[in-house]
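Colleague: I would like to learn how to read a fold from its coordinates. Can we take it feature by feature?

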Amino acid sequence: MRIIISMPLSLLFLFSLSLLFLFTCSRGGTATAQNLIYETCKTCSRFDPNVNFGFCTSSLQAAPASRCAALVSLGKISIRLVHYNVTDTRCQVKQLLKKKKLDPFVKECLQDCLGLYNDAISSSKQAMKQYDSKNYADANTHLSSVMDAASTCEDGFMEKQGVVSPLTKGNNDTFHLSAMALSIVHLIGSGSRGS
């Protein structure tokens with residue numbers, strides 16, 4: 001007699017990652033975290049075209065706390081990376097606004113970006129708060145608004161031909177880190193519904 005257990009795919013993936021993590025961490029450590037990061041980024045990049053596998057793995061591996069992190073911890077780390085990047089990009093905007101000789105259009109764009117990044121900092125804090133409370137859908141709503149802020153900031157510079165955004169790297173990093181965090185949180189949230 002065979003017993004068939006029906007399990008949502010995301011729950012099965014979450015369970016598999018957890019077992020992988022427990023097995024390799026009990027054997028000594030870093031290989032587990034690297035495998036978990038690899039598998040998580042592989043899954044996220046496969047299902048979300050905004051998640052770049054290489055960017056995801058290098059970003060998570062660079063975070064010190066990722067060396068022996070479980071999947072839930074990777075979610076927290078990814079949101080923290082978003083927050084750090086948003087804070088850094090806002091700082092860059094403030095520095096650029098201090099320049100005396102700015103094109104009026106560029107200055108207007110930077111002022112818009114400053115407002116967007118002020119809101120994004122608040123959203124990243126709310127995302128972490130909601131994540132810690134296991135309100136994954138609400139955390140993703142806040143992460144989506146951070147993604148939108150980065151895109152809106154970058155798009156503002158494109159409204160005038162010949163203007164180059166001085167924030168392209170910061171905006172792109174914010175966008176990709178947010179997409180990565182969104183995907184990881186969605187993965188965790190999908191797995192938690194089935195348990």
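Colleague: How are α4 and α5 oriented relative to each other?

Modeller: Two packed helices are described by the angle between their axes and the distance between the axes. Here α4 (residues 71-97) and α5 (residues 104-132) pack at about 160°, with axes 9 Å apart. The two are therefore roughly antiparallel; angles over 145 degrees count as that, on a scale from 0 to 180 degrees between N-to-C directions. Axes are lines fitted to C-alpha atoms, for helices over the stretch in contact.

Colleague: What is the handedness of the crossing of α4 and α5?

Modeller: The crossing is left-handed: the near helix is turned anticlockwise from the far one by less than a right angle.

Colleague: What should I know about the source?

Modeller: This is a predicted model, where local features need pLDDT of at least 70, side-chain atom pairs count only at pLDDT 80 or more, and totals for chains, interfaces and linings use all residues. Residues are numbered from 1 along each chain as its sequence is written, and side-chain values use heavy atoms, with hydrogens and water left out.

Colleague: Which residues does Q92 contact, beyond its neighbours within four places in sequence?

Modeller: Contact means heavy atoms within 4.5 Å. Q92, in α4, touches P166 and L167. Its C-alpha lies 8.5 Å from that of G170, 78 residues apart along the chain. Q92 is partly exposed, because its relative accessibility is 30%; buried means under 20%, exposed over 50%, partly exposed in between, with a 1.4 Å probe and protein chains only.

Colleague: How far does α6 reach from its first C-alpha to its last?

Modeller: The expected span is 1.5 Å times one less than the number of residues. Helix α6 (residues 136-157) has 22 residues and reaches 33 Å, close to the expected 32 Å. Its buried residues include Y136, L143, M147 and F157.

Colleague: How many helices and strands does the chain have?

Modeller: There are 7 helices and 0 strands. Helices (H or I, at least four residues) and strands (E, at least two) are DSSP runs, numbered from the N terminus. Of the 195 residues, 44% count as buried. Among contacts between residues at least 6 apart in sequence, 70% join residues at least 24 apart.

Definitions and conventions:
Angles under 35 degrees count as roughly parallel, over 145 as roughly antiparallel, 65 to 115 as roughly perpendicular and the rest as oblique.
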